[in-house]
Amino acid sequence: MSINKIDEYWHKYAKENDLDMTTPESWMFGDGSKEMADDLGSLVVNGIKTATCAAHCVYELEKEEIQKVGQYDIVLDGNNEPLAIIKYTKIELVKMNEVTSDFAKAEGEGDLSYDYWYREHVKFFTWELNQYDLTFNSDLVLVCQTFKVMDVYQNY
């Protein structure tokens, strides 16, 4: 990971926007694979993906804090290079089987349909929960995060 490049990117953005903040969390979308991180990151950069979700129980298992409205994060590509700075606009806990079609569309994946979103997320969460010896069920509580792209890394 290019920590210096990530820090430089944030410090330049923070200075230009009069923000007095340390470098926020940086991460890639998906299952850790370069392909998924690049595909989903590209959707963010192109303004198609404005939402994401994660299993609430994984936050608890990993002892991670849930994002907050107004928080910034840096999205990375599959090579751990910066792609964009995002700012969270809405955070909700929602059961997977209660996610709206509007949220599914905002995730920006596939044909943007709820059916595609649901099918692909069942696959993903089944795989992810299996890493923790947990079983997927349709009332899995998700942390649904809506965000705005604040800046796109210039070398993209």
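Which strands does helix H2 lie across? Helix H2 (residues 34-45) lies across S1, S3, S4 and strand S5 (141-152). This is a predicted model, in which local features need pLDDT of at least 70, side-chain atom pairs count only at pLDDT 80 or more, and totals for chains, interfaces and linings use all residues. Residues are numbered from 1 along each chain as its sequence is written, and side-chain values use heavy atoms, leaving out hydrogens and water.

**Sheet**

- Five strands make up an open sheet with mixed pairing, in the order S1-S3-S4-S5-S2.
- Strand S1 (26-28) and strand S2 (51-55) are the edge strands, each pairing on one side only.
- Strands (E, at least two residues) and helices (H or I, at least four) are DSSP runs, numbered from the N terminus; two strands pair if DSSP finds at least two bridges between them.
- Strand S3 (residues 72-76) pairs with strand S4 (residues 82-95) in the antiparallel sense over five bridges.
- Leu 76 stands opposite Pro 82 in S4.

**Helices on the sheet**

- Helix H2 runs at about 90 degrees to S4; axes are lines fitted to C-alpha atoms, for helices over the stretch in contact, and angles run from 0 to 180 degrees between N-to-C directions.
- Helix H5 (residues 114-130) packs on the sheet and touches S2 and S5, where contact means heavy atoms within 4.5 Å.
- The direction of H5 makes about 35 degrees with that of S2.

**Cysteines**

- The count of disulfides (pairs of cysteine sulfur atoms within 2.5 Å) is zero.
- The sulfur of Cys 57 is too far for a bond, because the closest cysteine sulfur, in Cys 53, is 12 Å away.
- Cys 144 is in no disulfide, and its nearest cysteine sulfur, that of Cys 53, is 5.3 Å away.
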